[in-house]
Amino acid sequence: MLRPRHSTMATVGQKQQAKDNIGTLKRLWSFLSPQKGWLIAVVAMVIISSCLSLLGPYVVGRAIDAYIVTKRMDGFFLVVALLLFIYASLSVSTFLQSYWMIRVAQKTIYAIRQQLFRHFHELPISFFDKRQQGELMSRITNDIENMSQTFNSTVIQVISSTLTLVGAICVMLWLSPLLTFVTLLVVPLMYIGMRWITNRTQKRFREQQRCLGEMNGFIEEVISGQKIVKMFAQERRVIDEFLRKNETLKQAGFWAQTYSGFIPKLMNFLNNLSFALIAGVGGILALKGMISIGVIVVFAEYARQFTRPLNDLANQWNTLLSALAGAERVFEIFDMEKEEQDETGAISLDYIQGKVEFDHVVFSYDKKQDAIRDVSFSVSPGETVALVGPTGAGKTTILQLLARFYDPDRGHIFIDGHDSRSIKRASLRAHMAFVLQDTFLFEGTIRDNIRYGKLDASDEEVERAAKWANAHSFIMKLPNGYDTVLKQDGGGISQGQRQLLAIARAMVANPSILILDEATSNIDTVTEMKIQEALERLMKGRTCFVIAHRLNTIQNADRILVLNEGKIIEQGTHESLLEAKGFYYDLYHHHLQKEEVS
Amino acid sequence: MQQVLSYLKPYRKWMIIAWSLMFIELLVELWQPLLMEKIIDNGIMTKNLSVVWTWGAVMLGTSLLAFASGIANSFAAAYVGQEYGFLLRKHLFEKIQSFSFADFERFPTASLITRMTNDVTQIQNMVFMSLRIALRAPLLVLFGVVMSFVVHVQLALVFAVTVPILVAFLLWMMTKATASFSIVQQALDRVNRVMRENLAGMRLIKAWMRGTYEQQRFMKANETLMERTISALRLVETITPVLLFIMNMAIIVILFVGRIDVQLGSATAGQVVAIVNYTTRITSALSMFTFITMAFSRAKASAGRVADVLSVKVDIEDDQQASEKVSGQGEVRFEHVSFRYPNSHALVLKDISFVVHPHETVAILGATGSGKSSLLQLIPRLYDPIDGRVMVDGVDVRQIKQEQLRAFIRFVPQEVLLFSGTIAENIRFGNERASMEEIIQAAKHAQIHDTIMKFPNGYDTVIGQKGVNLSGGQKQRLSIARALVGMPKILLLDDSTSALDLKTEAKLLRALKEYTCTTFIVTQKIQTAMEADTIFLLDDGKLLAKGSHDELLEKSELYRKIVESQFGKKGT
């Protein structure tokens, strides 16, 4: 029982490979290329600093040969001055390379974020209906963070490691091919050792990651459901299960950590080994007069300069690959099909009367099962239409089509006689206002949230709308009135108050067509009365579509459309439908059954 | 911090072993420049090949010794790290399980989860690291300096100046960096928040055509993030050049002074080479410093957060003498009960008294905030009242062991919480020993059986993230089935039928009558309330009126108002 949701956790731990590295790199380049100039400057600095970091030890070695071993004097100050210059330039170029790279990296990341955000707004609503928000969010956050970090350091490191590696080997070969050969003896050892270790770690790390994912999933679930565990007094059982998972993780973790701990030890050993080889073999060579002491010093220094970059390269390579995979996932979102553009020649309407006509409309979300089938009706301006029917009858779909979140598969929708597809979405929605079930409030002040209905509304307009929506009095009771900042998920104000704000938001927009999806959640009686009053005011003189749950709203509607399984099965006023004794009669009758008994 | 580290005690022996092994490694590494000096001075300079051979062999041999200790250290460190993590998680988890509801409110759920996962991992990594490599850097610097003094005092004096300066510089940078990175984090949170808000509210944003507006908003946040990241990173990136510069200057000084000393005969060439070598080793150790202090300060913050949880004093614990047996009849009695939530001043319940006899059904009605849920939560002792007594079967609930008390009370909370897993597993959560027949029976009574049978795998259908998504009403019914399968003596329904249509709800209420239990139903709907034997009308924490529907119609003005609002005028 309590199967954890390790699916999401496990994938985070594993480094996924990109499918098309070249393609992804090309796209990355398109984001980087505006910074081309800076990027060239960075690469130039990396080349300079790599060369200087190789030159430093070489000059030191030579200086030891020339002045310390032989105790000569002439030209010493020149060498010191040269060293001073090398070291100073090394620091300066090291500083500049990161200073500029950070700028390049962050501007690029900025551009990618910006583009991503813009793209989200161009995606059709079906994209969001299909995906879980949390998954999407964590994907974006992780992947972009990953890219940002890689850009900041990895790029420089990879270039400089490669240069240092090649440079060190060249200088060493030039100084003493034989000693170079001895020094390079550790490289195959390193390769074999690393192979041996990674062969063992990879499998065990995956295992550890799996166990960790499983345990974290378990923790997340139990702690989220802690109140239930408590109410049902199941603590003991949960603890037992947890200990089992914890134990498995411990076992898996032990071996993964032990083996991975070998890597730095191996590198250390090889460092020491090459140092010993250089000292020993170099000493013998020096004795035979084949090399100088200075060369030994240079080699001892270089040997460290190339085991480190070799190790770095191996590490950076993985980071680079996983960042690429992340970039590819972000780009995948860019490739998602955008919401259809408005048709060419689509018109803008300055004014909408509010006449709405559905003409044999058929629509399906998945292209398999029709959500609504052959729906036709006509609504005159100012009329209030209540949509009634069981869940899945197609009420929400009708509203979605009306707002053009989706377009019908067959049939037409006419607004004031124009086919809705020939009207620009922006212009269409500018004349509509929405009060939806989940009254989404943004983090920001109350005033901003109401103003969302009409961005250029003055403070007076906002307050007037709030008064009309019966929201003014509760807003004034909040610590900062209209300037009270709403926390995320609107904490601090009640469900009912949220609805009043949503009504105020619609009120300030002053639409011709109003789309209402009444909330089913429980609201206390006093607030409920306020909401009803506010709604009545809002609906007056506008064409209204209401998915109704309140009896009051249904009774007051000019017309009721009764939907079942995607079709309109009855329509008429409350009274006429009751008389017809059909589907609606059943619904209604049951609703009031108890009352008649009492 | 101390409390968190105290769990290391059982592994003290292994820690000492790990450190000793690391110490051996370090000594070898530091001895090597010294050996090199011997090769140069006693071998090459005096043209003595056997000296070169001997010391070369010693270097090789000690390298192997260091490697062997390194490998052994890995085992010991991994052992301590994993055992410690295990123990820390175990204590944390058990602590959290012992939390009362009031304790829970002190930590947001998400934060508890992070503490148990990320923070523990962070601390565990720190322990593991400090056993393997973290101590290396400071020790390397320290011993490197000491060894240099052993080699040649005058030349080594240069470290006496540079190293303290650099350590001070690094520490100063660390504090500055930590501050500016927390500012970056704030900016990042803001960017993510706008992004999340937009993803969640996309329908509304599209409906209102507010894309451009939102993009402006996002751009502002994104720009701030970029600027702050750039300045924070630039700050940190000055560390390496400064470090390199100072240490390289030290090399120049050593060469300069060394040359004079060699000429005067007070130093040998080998000694100069050795000290130059120590300098480069100290340089690389210092650059590791940055990384280690960062990791350490992160782990310290994590340890603080974990300690916060561990040090909570659980406020509801079983009384020492809490052994009183309860008969399990299901009688509930409140005697002058007043209650307020911890950290709050307002009384939620004020002087409430009533008796509910076994098998009675009570509906609780009232506005939001009138105290309905709070009243329910006192019965299974999820909170303790501040005044008065809550009694079950004539015994004060504080005298009953929590586990025993809750075994015969089943609570269906307002907010449905299901676990991932199959439907059957979820229902079985209410009663571990329930047979499949009992599960089906409970599902039937909860009016969810038919729905379940329509799923492809019936009771084995997996729900949650990877499986079928249930509607609000289906979840509520499943949550009720989970409660019913426990055959409760007291059933508490906290507005648990709000998403059900009236027909289904009526069937469900009828089915509940088959259970011989005392039932409390919190509801907003008059129809639901009318099914009950008694209706409690709560207002502002007070029990305003109780009685049957007809009695309340007569007695209570507020009740009449509520009925009117739901049924229209003719309801009354």
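The model is predicted: local features need pLDDT of at least 70, side-chain atom pairs count only at pLDDT 80 or more, and totals for chains, interfaces and linings use all residues. Residues are numbered from 1 along each chain as its sequence is written, while chains are lettered from A and ligands numbered from 1 in the order in which they are written.

Q: Which element of chain B has the highest confidence?
A: Confidence here is pLDDT, the predictor's score for each residue from 0 to 100. Chain B has a mean pLDDT of 85, and 97% of its residues reach 70 or more. Helices (H or I, at least four residues) and strands (E, at least two) are DSSP runs, numbered from the N terminus. The lowest mean in chain B, 78, belongs to helix α8 (residues 202-207) of chain B, and the highest, 93, to strand β1 (residues 332-339) of chain B.

Q: What ipTM does the predictor give the complex?
A: The predictor scores the complex in two ways. The pTM is 0.71. The ipTM is 0.78.

Q: Are α2(B) and α3(B) roughly parallel or roughly antiparallel?
A: Axes are lines fitted to C-alpha atoms, for helices over the stretch in contact, and angles run from 0 to 180 degrees between N-to-C directions. The axes of helix α2 (residues 12-44) of chain B and α3(B) come within 8 Å and cross at roughly 165°. Angles under 35 degrees count as roughly parallel, over 145 as roughly antiparallel, 65 to 115 as roughly perpendicular and the rest as oblique. The pair α2(B) and α3(B) is therefore roughly antiparallel.

Q: How are α10(A) and α2(B) oriented, roughly parallel or roughly antiparallel?
A: Helix α10 (residues 235-287) of chain A packs with α2(B), their axes 10 Å apart. Among the residues that meet are A:F275 in α10(A) and B:L35 in α2(B). The angle is about 5°. So α10(A) and α2(B) are roughly parallel.

Q: Which strands stand at the edges of the open sheet of six strands in chain A?
A: Strands pair if DSSP finds at least two bridges between them. The sheet order is β6-β9-β10-β3-β11-β12 (chain A), with mixed pairing. Two strands have a single partner each, so one side of each lacks a neighbour in the sheet. They are β6 (432-435) and β12 (567-572) of chain A.

Q: What is the bridge partner of A:I515 in β10(A)?
A: Strand β9 (residues 513-517) of chain A runs parallel to strand β10 (residues 543-547) of chain A. Five bridges join β9 and β10 of chain A. The partner of A:I515 is A:F545.

Key
Contact = placed C-beta atoms within 7 Å.
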